Amino acid sequence: MFSSSYAHESPLPHRLFLLLTVVWAGSLWTTGYMVAPTLFSVLPAREMAGMVAGHLFRSQAILGVVVGVLQLALCNVMIRRGAERYRALRWLVLGMLCCVLVGYFGIQPFMESLRQKAAALGMAVSASPYRGQFGMLHGVSSGFYLLHSLLALALVWRSSAPRASGE
């Protein structure tokens with residue numbers, strides 16, 4: 001355990017952690033629950049909306065991996081400094097990172113493969129024989145996105161709580 005002098009040290013790692021949490025959660029929620037639905041309601045072609053949303057989700061996934069790795073490193077620093085609450089926060093970050101890796105980088109390549117197969121037939125995936133498979137994968141991917149969003153809510157809630165002495 002660290003002495004009480006730890007409480008007087010710089011709060012910079014905690015503030016960086018909070019900043020990264022806000023960036024990740026805010027961009028996740030904005031992209032998935034505001035921008036993507038708006039694209040599908042405003043753009044005339046669903047395929048165009050899907051293409052733009054796909055690019056946004058790719059950027060979101062890359063951001064998630066980068067921020068997640070940085071947050072894991074910050075959690076480890078804080079744990080080594082005696083801030084035990086970062087053990088639980090580290091599990092939330094790890095869960096969010098797994099959601100990105102499985103939900104986007106694991107499932108998305110299969111969805112893209114189905115899009116390409118449909119394009120080879122000269123049709124959109126929504127009108128192709130691959131529609132059912134694509135819909136199932138999209139549903140699984142959406143489930144991971146929802147779980148990711150809920151974990152982000154828990155991370156924001158828990159990381160922004162007042163710190164105990166020495167954390």
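**View 1. Arg46 in helix H2.** Arg46 belongs to helix H2, and in this predicted model the residue is exposed, because its relative accessible area is 58%, where values over 50% count as exposed. Although Arg46 and Gly122 are 76 residues apart along the chain, their C-alpha atoms are separated by 16 Å.

**View 2. The pairing of helices H1 and H2.** The axes of H1 and H2 come within 9 Å of each other and cross at roughly 165°. Since angles over 145 degrees count as roughly antiparallel, H1 and H2 are therefore described as roughly antiparallel to each other. The crossing in which H1 passes H2 is left-handed, and the residues that form the contact of H1 with H2 comprise 22 nonpolar, ten polar and one charged.

**View 3. The pairing of helices H2 and H3.** Helix H2, which spans residues 46-80, and helix H3, which spans residues 86-106, have axes that come within 9 Å and cross at roughly 155°. That angle makes H2 roughly antiparallel to H3. H2 passes H3 in a crossing that is left-handed, and the contact of H2 with H3 is made up of 18 nonpolar, five polar and three charged residues.

**View 4. The largest nonpolar core.** The largest nonpolar core of the model contains 26 residues, and those with the most contacts inside this core are Phe17, Trp24, Tyr86, Leu89, Val93, Met96 and Leu155. Two or more residues of this core come from each of helix H1 (12-42), H2, H3 and helix H5 (131-159). Among the contributors, H3 gives the most, with nine residues.

**View 5. Leu147 in helix H5 and its distance to Met96.** Leu147 is located in helix H5, and the residue counts as partly exposed because its relative accessibility is 42%, which falls between the limits of 20% and 50%. The C-alpha atoms of Leu147 and Met96 are separated by 8.1 Å, although the two residues are 51 positions apart along the chain. Met96 is also one of the residues with the most contacts inside the largest nonpolar core.

**View 6. Spans annotated as transmembrane region.** An unreviewed UniProt entry lists residues 16-36, 56-79, 91-107 and 136-157 under "transmembrane region". In the model, residues 16-36 are 100% helix and 0% strand, and the end C-alpha atoms of this span lie 28 Å apart.

View 7. Over residues 19-118 the predicted chain is 91% helix and 0% strand, and the end C-alpha atoms of the span are 42 Å apart.

Definitions and conventions:
Residues are numbered from 1 along each chain as its sequence is written. This is a predicted model: local features need pLDDT of at least 70, side-chain atom pairs count only at pLDDT 80 or more; totals for chains, interfaces and linings use all residues. Side-chain values use heavy atoms; hydrogens and water are left out. Axes are lines fitted to C-alpha atoms, for helices over the stretch in contact, and angles run from 0 to 180 degrees between N-to-C directions. Helices (H or I, at least four residues) and strands (E, at least two) are DSSP runs, numbered from the N terminus. Angles under 35 degrees count as roughly parallel, over 145 as roughly antiparallel, 65 to 115 as roughly perpendicular and the rest as oblique. A crossing is left-handed if the near helix is turned anticlockwise from the far one by less than a right angle, and right-handed if clockwise. Ala, Val, Leu, Ile, Met, Phe, Trp, Tyr, Cys and Pro count as nonpolar, Asp, Glu, Lys and Arg as charged, and the others, Gly among them, as polar. UniProt positions are given in the numbering used here, feature names are shortened, and annotations may be inferred rather than shown by experiment. A nonpolar core is a set of buried Ala, Val, Leu, Ile, Met, Phe, Trp, Tyr and Cys residues joined through side-chain atoms within 4.5 Å. Buried means under 20% relative accessible area, exposed over 50%, partly exposed in between (1.4 Å probe, protein chains only).
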